[in-house]
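Okay, everyone, let me get the model up on the screen. I'll talk through a few spots in it, starting with the packing.

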Amino acid sequence: MENFLQLDNVFAGYNHNRDIIKNITFSIQKNCITGIIGPNGSGKSTLLRTIAGKIPYHSGNVIINKKNVFKLTNKERSQLIAVVLQDYIYSELVVQDYILLGRLPHRSPFQFFEKKHDLKIAHYYMKLTDTYYIRNKKMNELSSGEQQLVSIAQALTQQPQLLLLDEPTSHLDVMHQMKILNIIQQLASAQKLTVLFILHDLNLASEYCDQLLLMDKGRIFSKGTPEEVLTYSNIEEVYKTVVITLTNPLSKKPAIFPVSERILNMNNNKK
């Protein structure tokens with residue numbers, strides 16, 4: 001099967017004197033869900049922003065659907081990629097108008113207003129993300145969790161081929177975490193959507209991702225299926241903490257259990 005996203009020996013950072021991500025090489029097939037995991041400061045967000053074309057890479061190549069990301073126009077890039085970051089939105093725009101901004105890359109020249117088709121698409125994704133009921137509220141009146149859902153609705157309204165998300169489940173309760181990830185999983189399958197997102201929750205990453213990239217100190221420490229990446233030895237090496245890994249009896253995916261220092265000390269004292 002042909003690769004949809006390909007990175008070859010990519011070095012990138014915010015200035016030429018200091019690369020944050022180094023020698024990044026991996027590929028993703030179409031409609032695959034890939035999770036980026038790793039401790040704080042490991043380069044996860046830098047990697048995501050580099051793929052999105054927001055941070056220039058200093059060497060290597062980022063190819064999406066056979067096209068170099070940095071050779072695309074802004075409109076071409078926006079038709080191909082949608083990005084959801086964690087930034088709080090202070091805009092006084094009404095939620096529906098904010099979500100409709102996702103249709104801008106698909107407007108024809110001199111089209112200044114959305115069409116009924118655009119509104120229909122926006123309403124579909126608002127209902128899918130449970131944001132339709134707040135469509136008339138202002139963005140700056142929303143909680144962080146509501147803003148997160150609205151941002152995801154806007155990205156889906158953009159109808160991209162590649163969806164990039166920086167911690168899409170942050171600020172959300174467990175019900176909305178699973179709702180969003182279930183939606184993403186369904187869309188990846190039904191609409192051939194390719195997804196790359198950052199997750200801190202290793203159990204959610206295990207359950208919902210087809211493959212994982214475990215990052216450490218700006219490099220890929222391990223890549224592969226959740227079963228290949230989420231071993232206790234990998235997690236303990238990168239996160240510097242003790243865990244136990246078992247198998248989810250239904251999905252057969254790895255499940256990670258933290259072990260507190262107190263419990264470790266109690267068990268050591270018994271020996």
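So, Leu156: setting aside neighbours within four places in sequence, Leu156 is in contact (heavy atoms within 4.5 Å) with Tyr125, Thr129, Leu163, Ile183, Leu187 and Leu193. Keep in mind that this is a predicted model, where local features need pLDDT of at least 70, side-chain atom pairs count only at pLDDT 80 or more, and totals for chains, interfaces and linings use all residues. Residues are numbered from 1 along each chain as its sequence is written, and side-chain values use heavy atoms, with hydrogens and water left out.

Leu156 is also one of the residues with the most contacts inside the largest nonpolar core, which has 36 residues. By a core I mean buried Ala, Val, Leu, Ile, Met, Phe, Trp, Tyr and Cys residues joined through side-chain atoms within 4.5 Å. Buried is under 20% relative accessible area, exposed is over 50%, and partly exposed is in between, with a 1.4 Å probe and protein chains only. Helix 6, residues 174-190, gives the most to this core: six residues. Helices here are DSSP runs of H or I, at least four residues, and strands are E runs of at least two, numbered from the N terminus. Apart from that core lies another, of 28 residues, including Ile21 and Val69.

Next, Ser151, in helix 5. Buried or exposed? Buried, because its relative accessibility is 10%. Beyond four places in sequence, Ser151 touches Val84, Ile89 and Tyr98.

Last, Tyr88, in the loop between strand 6 and helix 3.
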